[in-house]
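Thank you all for coming.

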Amino acid sequence: MRRLALLAALALFPAALHAQPEPPTRADTLRGSIGPARAWWDVTYYDLHVALSPRDSTIAGSTGITYRVLQPAREMQVDLARQLNVDSVVQEGRRLTYRRDGDALFVTLQAPQAAGASKTVRVHYRGRPRVALNAPWDGGLVWARDSIGNPWIATAVQGLGASAWWPNKDTQADEPDSQAVAVTVPRGMVNVGNGRLRRTVQNRDGTTTYHWFVSSPINNYGVAINAGNYAHYSEEFQGEGGRLTLDFWPLAYHLDAARRQWAQTRPMLQCFEHWFGPFPWYEDGFKLVETPHLGMEHQSAVAYGNHFQNGYLGRDRSGTGLGLEWDFILIHETGHEWFGNNITTRDIADMWVHEGFTTYSEALYTECQRGKEAGARYIIGQRRLVQNDEPIIGAYGVNREGSGDMYPKAGNMLHTIRHLVNDDERWRGILRGMNQTFRRQVVTGRQVQDYVSAQAGMDLSRVFAQYLTTTKIPVLEYRLRNGTLSYRWADVVPGFDMPVRATLAPGVYTLLRPTTEWQSAPATLAAAPDFRVDENFYVVARDADAPAARPASN
């Protein structure tokens, strides 16, 4: 979501889209790679306690990090933003020494770390975390007030990293099996967190602590604070996994608006379970929480700030009008429960798995509501947003995402693959099978590509390479002469041979199998402009005999 918001903002300043990225720094490598001080341990549980002080925008707390030793070691990397001060690091009653390297702590362990052992280290910290001035475009804590002056606090740290506000192993490559989150706020505020609320404690100092527990694996940036003057109502959904609790947390004065707008939740869940399989977190429930920022895919506590209107802040990203028939933030961010939360990529360079499939989920929801043709029109409409500025896959190991085209271009790649498969039940089986095969797992983009190829029964490696690693849309060059159509692929990766449907006769589509070499077939087209490519395939058709465009004169 953060990158989607950023893409929308950069659309106002197109030159910025083509700025050269800065070379990776040591900090990028520490965050983005599994170095020696990370590789030897596997996190199994986080016990997070944090107290919020709206008066001075500070926090104080501790994280207990329980881990399994994979191989003996004595130095452990724990990530925590440099703006936050460490009071102590403790293991088995002993204070440990550590050294700081930017946003990373390197802790020297004293107790033996035997392979297979389970250990816990607790980091106590405090300070003033980075403030998100325009979340989720930039990350951090949001210290806001609602329209009647009540404090309203939230986190939005995708990209920036969860270590902006709590100590952890800040990588998507390692998720805990479960997590406790206890948030203390001034009395009168309600904190809504991930998972289930276990208990609420009224403290003697005029604060309240909300104890939430997530019984499932969770990515770090999906852990959230949402504190405000909330109302609450609940429903149930009978889904593929049985009874799913639905809990809704709007600001108190938005309760009626929420009941009207969030009624879209039920048909959305029906649609997504049909296409992707059971909602991944039946034991933790589904929650929708109003936030002072636009939205984020916080696991089992989806953040919502779309002002109870359809579209993306009242706009349709597809330009078709179809995106105004449903609430973009509700649909998109919930889609991430399957792609992003259930299936999480090891490296953010492969974020296309999160964002491409979730953008495609918007089209599937449109299809559920309005039919297959409408769903196709919606995703095809998003091609106008493609920038082709840099490859979708980013640089591995240095905390770098690729292009924002991971949304519209990757979504259209998936739409193209659906039409290559040309069997909607098989395609649905691929999407559902992904969520079962990789259920609650951390994966690589390559694993996803290989899975789709295997289940589709065709080698799609060059299709993925074309759309994900280049900035070129495949060009189908053609020429029509004397009743013969000649055609070939251009601007493609070596060996690209994707089939495509096109017309050899007016209005009749035939499956062609172009390569980078010229081929020919009889055609009954009157002229080259009568040649058409099925628009469900994200390609460009170019008449090889058409005069080349002249460069603009000064």
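This is a predicted model: local features need pLDDT of at least 70, side-chain atom pairs count only at pLDDT 80 or more; totals for chains, interfaces and linings use all residues.

As a general point, side chains of opposite charge can pair when their charged atoms come close. In the whole structure, a search finds 27 salt bridges, and I will go through a few of these pairs.

One of them joins the side chains of Arg99 and Glu75, with a distance of 3.3 Å from N to O. Arg99 belongs to strand 6, residues 97-101, while Glu75 belongs to strand 3, residues 75-79, so this pair ties together parts that are 24 residues apart in sequence. Both ends count as partly exposed, Arg99 at 40% relative accessibility and Glu75 at 31%.

What about a pair that links distant parts of the chain? Here I would point to Glu240 and Arg432, whose side chains meet in a salt bridge at 2.9 Å, N to O. Glu240 sits in the loop between strand 16 (233-239) and strand 17 (242-249), whereas Arg432 sits in helix 11 (residues 424-437), and the two are 192 residues apart. Glu240 is partly exposed, with a relative accessible area of 42%, and Arg432 is also partly exposed, at 25%.

Arg377 counts as partly exposed, at 32% relative accessibility.

Which residues have a positive phi although they are not glycine? Ser57, in the loop between strand 1 (41-53) and strand 2 (58-69), has a phi of about 55 degrees, and with a relative accessible area of 18% Ser57 is buried. Ser300, in the loop between strand 19 (295-296) and strand 20 (302-304), has a phi of about 60 degrees, and at 1% relative accessibility Ser300 is buried as well.

Finally, I would draw your attention to the peptide bond from Ala135 to Pro136, which is cis, with omega near 0 degrees. Pro136 is found in the loop between strand 8 (118-127) and strand 9 (140-145).

Note on methods: Residues are numbered from 1 along each chain as its sequence is written. Side-chain values use heavy atoms; hydrogens and water are left out. Helices (H or I, at least four residues) and strands (E, at least two) are DSSP runs, numbered from the N terminus. Buried means under 20% relative accessible area, exposed over 50%, partly exposed in between (1.4 Å probe, protein chains only). A salt bridge is a side-chain nitrogen of Lys or Arg within 4 Å of a carboxyl oxygen of Asp or Glu.
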